[in-house]
Amino acid sequence: MVKVFVRTKMRQYGRALVIDFGDGRAAEFWGDPVKAVVSLLLFKNSTIGLWVRSKGLEVEVSRETLEAIKALGEVKLTWKQAAQKGFLKAEPEHIIRELALERLLGDP
């Protein structure tokens, strides 16, 4: 299990979901589908801790869930794509497999 911190950050065009990996790196997720899928992944497959001042909500995630979150940070996703690919089920191994296949096959 890996500890990450989750918070939101207000930007010019809306609120972003921010995941701080604890090593100085963080990922920001924009747009409804990807924020929803990442939220589902986090809260379905993780252990939620307490709020840590200036860091966010402490969450313990598996390495597989963390890999899926990082992979989602690299793609643009619509609601239709998320539903068709089964991402709304929030299963990390399925998301990793689907995104890896897309990269190999070059699908949009």
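This text goes through the sheet of a predicted model, then the helices that accompany it.

The sheet is open and has 5 strands, paired antiparallel in the order β3-β2-β1-β5-β4. Strands β3 (26-29) and β4 (46-52) form its edges; each has a single partner strand, so one side of each has no neighbour in the sheet. On average, neighbouring strands are turned by 25 degrees against each other, direction ignored. Strands in a sheet are held in pairs by backbone hydrogen bonds, and the pairing may be parallel or antiparallel.

Strand β4 is joined to β5 (residues 56-61) by 5 bridges, and the two run antiparallel. Opposite Leu 57 in β5 stands Trp 51.

Next come the helices. Helix α1 (residues 32-44) lies across β1 (2-11), β2 (14-20), β3, β4 and β5, and runs at about 40 degrees to β2.

A helix pair is formed by α2 (residues 63-72) and α4 (residues 92-105), whose axes come within 8 Å and cross at roughly 40 degrees. Because of that angle, α2 is oblique to α4. The crossing of the two helices is left-handed. On the α2 side, the contact is made by Glu 64, Thr 65, Glu 67, Ala 68, Ala 71 and Leu 72. From α4 come Pro 92, Glu 93, Ile 95, Ile 96, Leu 99 and Arg 103. Taken by class, the residues of this contact between α2 and α4 comprise 7 nonpolar, 1 polar and 4 charged.

Terms used:
Residues are numbered from 1 along each chain as its sequence is written. This is a predicted model: local features need pLDDT of at least 70, side-chain atom pairs count only at pLDDT 80 or more; totals for chains, interfaces and linings use all residues. Side-chain values use heavy atoms; hydrogens and water are left out. Two strands pair if DSSP finds at least two bridges between them. Helices (H or I, at least four residues) and strands (E, at least two) are DSSP runs, numbered from the N terminus. Axes are lines fitted to C-alpha atoms, for helices over the stretch in contact, and angles run from 0 to 180 degrees between N-to-C directions. Contact means heavy atoms within 4.5 Å. Angles under 35 degrees count as roughly parallel, over 145 as roughly antiparallel, 65 to 115 as roughly perpendicular and the rest as oblique. A crossing is left-handed if the near helix is turned anticlockwise from the far one by less than a right angle, and right-handed if clockwise. Ala, Val, Leu, Ile, Met, Phe, Trp, Tyr, Cys and Pro count as nonpolar, Asp, Glu, Lys and Arg as charged, and the others, Gly among them, as polar.
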